[in-house]
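Reader: Could you walk me through this structure, one step at a time?
Author: Gladly; have a look at it, and then ask away.

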Amino acid sequence: MIKAIFFDLYGTLIDIRTDEYDDSVYETLSRYLSYYSFNIPPDELKKSYFALIQKDMQNSKEKYPEVDVYKIFFSILQGYGRKKCPKYFVTNIALFFRALTLKHFSVFDGSYDVINTIAKKYKIAIISDAQWIFAEPEMSVLGIDQLFNTKILSSKMGFKKPDIRLFTYAMEKFGVKSEESIYIGDNPMKDLKGAKNAGMRFILFGSEYREYNGLYPDRCFYHYSELIGILNEIEK
């Protein structure tokens, strides 16, 4: 019997496209920061952002390291004139940066109604490679936070998928076994591998039915209207 269903966030629930390499993002952010006496040239701002991410990744002892972008922005601001930056200010700068990078942002069609229906029968939660500083307000904007009480985000854990600890932690939190759990995601390299290695069933969203390193999804679907029927088939 299936007791819990876990969802990926970006690419599975949220349809999103961003461009963090767009020079205009850093030009606008640099101009905005100058109003607060942070004089960071756009090219230095861009270079610092990616360099600090790379440094954190290299310093991590994790096999699949994850960074915390909040800390990245805190370090940038601290390095350009302010030894103490209030959390709200760092948060606002990070969110402004995120808004500048967004090219597309919405939920996938039909997801709200289907997840509400699923939640009446199963425990549900999110397991995602995501920056909490971006994901938490974005889930709120789209109303996803009201659907899921439990959200496990890689940036709070220090490691990301396919590390099985994200999956086992979620199952332990719900008190369910791997054979009682299903994970739904869009990325075979991360989602399929992580879920299967943790002993869970896996349903692939938005892509063809394919394997990854000898691992296969149990089902696949392209639209949320298909999901309830797939779950019913699995439980027969």
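Author: R98 lies in helix α4 (residues 87–101); helices (H or I, at least four residues) and strands (E, at least two) are DSSP runs, numbered from the N terminus. This is a predicted model, in which local features need pLDDT of at least 70 and side-chain atom pairs count only at pLDDT 80 or more, while totals for chains, interfaces and linings use all residues. Residues are numbered from 1 along each chain as its sequence is written, and side-chain values use heavy atoms, with hydrogens and water left out.

Reader: Is R98 buried or exposed?
Author: Buried means under 20% relative accessible area, exposed over 50%, and partly exposed in between (1.4 Å probe, protein chains only). R98 has a relative accessible area of 10%, so it is buried.

Reader: Which residues does R98 touch?
Author: Contact means heavy atoms within 4.5 Å. Leaving out residues up to four places away in sequence, R98 touches Y10, I16, T18, F134 and E138.

Reader: And S75, is that one buried, exposed or partly exposed?
Author: S75 sits in helix α3 (residues 69–79). Its relative accessible area is 34%, so S75 is partly exposed.

Reader: How far apart in space are S75 and G214?
Author: In sequence, S75 and G214 are 139 residues apart. In space, C-alpha to C-alpha, the distance between S75 and G214 is 42 Å.

Reader: What radius of gyration does the chain have?
Author: The radius of gyration is taken over C-alpha atoms, and the globule rule is 2.2 Å times the number of residues to the power 0.38. With 236 residues, a compact globule would come near 18 Å, which agrees with the chain's value of 19 Å.

Reader: Which element gives the most to the lining of the largest pocket?
Author: On a 1 Å grid over the protein atoms alone, a pocket is an open set of points where a 1.4 Å probe fits, with protein on both sides within 12 Å along at least five of seven lines, and lining residues have an atom within 4 Å of a point. The elements giving two or more residues to this lining are β2 (14–18), α2 (42–59) and α9 (188–197). With four residues, the one that gives the most is α2.

Reader: Which residues are closest to the centre of the largest pocket?
Author: The lining of the largest pocket has 26 residues. The closest to its centre are E66, D129, A130, K160 and K190.
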